[in-house]
Protein chains: 2
Amino acid sequence: MNYYSENDIKQIVADVLSRSGFAGSKGMEIPVEISARHVHLSKADKDTLFGAGYTLTRKRDLSQPGQYLCEERVKLVTQSGEIANVAVLGPERKETQVELSLTDARVLGLKPPIRLSGDLRGAADVIIVGPKGVITAAGSVIVAKAHVHMTPDDAKKYGVEHGQSVSIRMGTERSVTLNDVQIRVSKDFGLAVHIDYDEANAAQVSGSKIVGQLLKNG
Amino acid sequence: MNYYSENDIKQIVADVLSRSGFAGSKGMEIPVEISARHVHLSKADKDTLFGAGYTLTRKRDLSQPGQYLCEERVKLVTQSGEIANVAVLGPERKETQVELSLTDARVLGLKPPIRLSGDLRGAADVIIVGPKGVITAAGSVIVAKAHVHMTPDDAKKYGVEHGQSVSIRMGTERSVTLNDVQIRVSKDFGLAVHIDYDEANAAQVSGSKIVGQLLKNG
């Protein structure tokens with residue numbers, strides 16, 4: 001059996017606290033981006049909304065390679081309300097997916113689940129109106145679960161792995177920690193935490209250069 | 001100098017983690033309430049908006065003794081936008097105060113500070129429209145800083161004091177911890193954490209019985 005002095009113990013406690021992501025420790029800095037409400041369209045739905053064979057117009061590239069904001073906008077409609085001027089992201093996807101904040105969902109009277117992109121289990125329905133047509137996008141609406149995009153090299157640097165849940169402490173005056181943020185690793189990703197406008201407003205995030213602290217969950 | 005065994009150390013570390021409000025520890029349960037946007041009116045502003053000598057109509061009592069929701073509603077207007085149907089709380093106060101979420105503030109193009117009720121340093125301006133008149137409520141708009149109302153007995157039970165900053169971990173699926181929630185102690189208070197709709201949506205709070213965990217900051 002080993003015995004330790006009080007100073008040894010203090011050092012051990014400090015190490016444990018630091019490694020376990022204790023609120024008092026600094027964590028590792030990581031850039032944060034806010035995702036506004038948007039839709040991804042399938043080719044078929046794009047044809048219905050904008051006309052057969054229509055090509056979406058790239059407005060600007062997003063931080064994730066290959067993804068871009070389009071010039072085109074659509075309107076979302078339910079029996080309870082509507083939201084106009086909703087961004088369309090390109091390129092087309094296999095399935096149409098609508099990503100809202102819970103604030104948006106209240107406006108539309110929807111109760112979408114919190115899901116990672118691509119996971120449409122229990123997703124809500126919404127009507128999408130385009131300039132040339134209308135679709136009922138059944139099972140398409142989710143609220144995006146906060147997540148981190150990173151490359152395998154980043155994962156090594158932060159000491160985390162694909163699918164792991166971490167906490168992100170926002171480095172803002174209105175300090176908030178998101179306790180269940182999922183790590184997503186791919187060589188095609190750009191390093192960024194993605195949160196929605198409810199999470200951003202809860203943390204009083206503003207401006208373009210936002211930094212959080214990545215903390216490992218205990 | 002004292003020496004400790006490995007088991008002693010484990011016990012000491014566990015105690016430190018528990019007392020310091022580490023995310024892994026449970027904390028103490030505390031009820032949470034969501035405050036929607038609302039205005040408090042001075043007597044003079046109430047007279048201008050609703051008519052001289054008008055008496056506000058109590059609709060229902062709020063959790064804080066003596067405070068009530070009124071039947072009356074007002075409209076908030078700026079150059080950028082407007083929000084109709086905003087709740088008026090009674091009784092009248094010394095100063096008119098408008099409490100919005102940051103989501104509301106974006107709609108109105110305002111950048112109000114995060115403040116405790118009654119602290120209007122740097123508060124933003126807004127036009128308030130009533131059925132009988134209009135006022136420009138200069139320096140009236142704040143975003144409410146999250147806070148806890150409790151009695152001196154509650155403070156003893158939770159081991160906290162007036163003015164102390166604590167963390168509140170929301171007991172919801174979309175787990176969020178608010179890291180700077182201020183304790184307010186008065187014998188006239190009812191026990192409740194007050195958060196706004198941005199914080200509630202970031203935590204996916206819904207339903208009427210919401211419980212958080214009070215954690216002491218390290």
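Which residue in β9(B) is the bridge partner of B:Ile114? The partner is B:Val143.

## About the model

This is a predicted model, in which local features need pLDDT of at least 70 and side-chain atom pairs count only at pLDDT 80 or more, while totals for chains, interfaces and linings use all residues. Residues are numbered from 1 along each chain as its sequence is written, and chains are lettered from A and ligands numbered from 1 in the order in which they are written.

## Strand β9 of chain B

Strand β9 of chain B covers residues 134-144. Strands are DSSP runs (E, at least two residues) and helices are DSSP runs (H or I, at least four residues), numbered from the N terminus. Two strands pair if DSSP finds at least two bridges between them.

Strand β6 (residues 97-100) of chain B runs parallel to β9(B), with three bridges; here B:Val98 is partnered with B:Val141. Strand β7 (residues 114-115) of chain B is also parallel to β9(B), through two bridges. Strand β8 (residues 124-129) of chain B is antiparallel to β9(B), with five bridges, and B:Ile127 has B:Thr136 as its bridge partner.

## Two domains of chain A

Chain A has domain 1 (26-33 + 146-216) and domain 2 (36-144), with bounds from an automatic or database domain assignment. Their C-alpha centres are 24 Å apart. Domain 1 of chain A gives 12 residues to the contact and domain 2 of chain A gives 10 residues; contact requires C-beta atoms, placed from the backbone, within 7 Å.

On the side of domain 1 of chain A that touches domain 2 of chain A, β13(A) supplies the largest share, three residues.

Notes: Two residues are in contact if their C-beta atoms, placed from the backbone, lie within 7 Å.
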